[in-house]
Amino acid sequence: MVFKVTPAIAAAMLALGTAMAHADATNDTIEKSVTFSGFGTLGVVHSDYGNADFVGNVIQPRGAGFSSWSASPDSDLGGQANFTLTDALSGVVQVLSRQDANGQFRPTVEWANLQYEMTPDFKVRLGRMLLPTYEHSDTQNVGYTLPWVRIPIEIAYTDAGLHSDGVDVLYRVKTGGVTQDLQIQLGRTAVDLPGVEFTSTPAAVVVFSDTLQYGDTSLRLVYQKYDGSGYPEVRLQVSGVGLTYDPGAWFVMGDSNYSQDKYFGDLFAWYVSGGVRLGRLAPYAIYSTTRAQNVGTSGLKSLGNDHTVAAGARWDFAKNLDTKLQLQRVVLDSVNDTASFADVGPGARVGDKTNVLSWTLDFVF
Amino acid sequence: MILALFTVCDVRAEEIVVIVNLAAATISKEQIADLYLGRSDAWTPIDQAVGSEIYVEFYKKVTGRDSAQVKAIWSRILFTGRGIPPKQLRDSEAVKKAVAANPKAVGYIEKSAVDASIKVAVSID
């Protein structure tokens, strides 16, 4: 994957470079203006299905299946630097190594932006950001922030939640007990399209999202639109609704999105999940699925269709460390680019069942 | 011996108070929870050392969450570039000093550590 330096990134890098040069002056300044942090996941996955590769996210070309054990679906490593330049101006750069569309772990810049705070409730960011397409999409690589081993893959099927280069406006409104986080993002991104090999088709992206928080309840609304020429032409719209209730001792959540594309047709994906926290142990269950709603001009039927039942537990066994064990059964409801798999072989049949066991160790520092 | 037991009980049940700068307006318990879970930028929260007794007690009572959950919540904010976790200070003395110096700062200390340099906004029981 080639890292292209866009003007926005270049501007962000330049400003950060200046800040770093300034920070070199004294140790004191460095402490105040730069903070380093990181995260990672060590994982192994076992699948008992030999006709396709179970993957950790939709862009991965390989996983567990043809070879029954694999470390590639979930393992990753990331490092981040936060820069505080003035009271109002800050920056962030995050580099990630995770199996990419080429099956390699080459480090990529996932976040690189400058943030200007007009008021504490009104912020503008310029540079590279991960898209907020679905719940947890912008921290999908930070296993420690997730209650499960990984985000249910079906929700990400039409949209991998990749990064976008552009401008982002965050506005927070408080109305009584309800806090709304409004976000508008305009940028350029590479789009993963279902049904084809990862093509990195460049497209312009517009995102509107609204997260309403009332105590421990949060409602997420998002609309995202891509436009790109090329083949196939990208005219993809994703609308999503998600609800979470998390009072601390337990949680329930659901997320859904409906995507529309002339070529691939309409798809509807959703999941529900719940869990309890018993001290350091947090068992959970998930049901997730994606269903093609019609056939697009591509003629591909039942694109992506599958459903998954999963159960697992997170154990926060030490400071800044957790380990998770997850068992899931995936049923192939289609062999046309089934969401949970890459490289679906000719032996695969609709109705085939796969048992997948995943173990991860997540850390943050 | 009964006296000794009472003393032990007293220490264990020592009240935590949320403090603000003398020049600051007051803050509600709900606002405090939002602030320490990264849902509000209206104030500057100051933290005690992670894993210290007062830290664990404070988060349990105010947010209903343990240290690992709080870390996960702040990791989400940190790794999306939206903010940095509250600054952690060594002890209540340091927290008092930081709050006394910044009209936007909010901190929490043991009730017994309260003095005239700051004011109590809320008692956590």
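**View 1. Helices and strands of chain B.** In this predicted model, chain B is built from five helices and five strands. Follow the chain along its sequence and the order reads α-β-α-β-α-α-β-α-β-β. Of the 125 residues in chain B, 34% are buried. Take the contacts within chain B that have a separation of 6 or more: 70% of them link residues 24 or more positions apart.

**View 2. Confidence along chain B.** The mean pLDDT of chain B is 89, and 90% of its residues reach at least 70.

**View 3. Where chain A meets chain B.** Chain A brings 27 residues to the contact, and chain B brings 18 residues. Which strands of chain A each supply at least two residues to the side that touches chain B? They are strand 1 (34-47), strand 4 (76-84), strand 5 (89-98) and strand 6 (108-119) of chain A. Sorted by class, this side of chain A holds 13 polar, nine nonpolar and five charged residues.

**View 4. Strand 6 and strand 7 of chain A.** Here's one of the contributors to that contact, strand 6 of chain A, shown with its partner, strand 7 of chain A. The two run antiparallel and are joined by seven bridges. A hairpin of two residues takes strand 6 of chain A into strand 7 of chain A. For one pair to pick out, look at N113(A), whose bridge partner in strand 7 of chain A is G127(A).

**View 5. Strand 7 of chain A and its surroundings.** Strand 7 of chain A also pairs with strand 8 (residues 163-175) of chain A, in the antiparallel sense and over nine bridges. Within that pairing, L130(A) has H163(A) of strand 8 of chain A as its bridge partner. Why is strand 7 (residues 122-130) of chain A largely enclosed by the rest of the structure? Because seven of its nine residues are buried.

Technical notes: Residues are numbered from 1 along each chain as its sequence is written. Chains are lettered from A and ligands numbered from 1 in the order in which they are written. This is a predicted model: local features need pLDDT of at least 70, side-chain atom pairs count only at pLDDT 80 or more; totals for chains, interfaces and linings use all residues. Two residues are in contact if their C-beta atoms, placed from the backbone, lie within 7 Å. Helices (H or I, at least four residues) and strands (E, at least two) are DSSP runs, numbered from the N terminus. Ala, Val, Leu, Ile, Met, Phe, Trp, Tyr, Cys and Pro count as nonpolar, Asp, Glu, Lys and Arg as charged, and the others, Gly among them, as polar. A residue is buried if 20 or more other C-beta atoms lie within 10 Å of its own, exposed if 12 or fewer, and partly exposed in between; C-beta atoms are placed from the backbone. Two strands pair if DSSP finds at least two bridges between them. pLDDT is the predictor's confidence in each residue, from 0 to 100.
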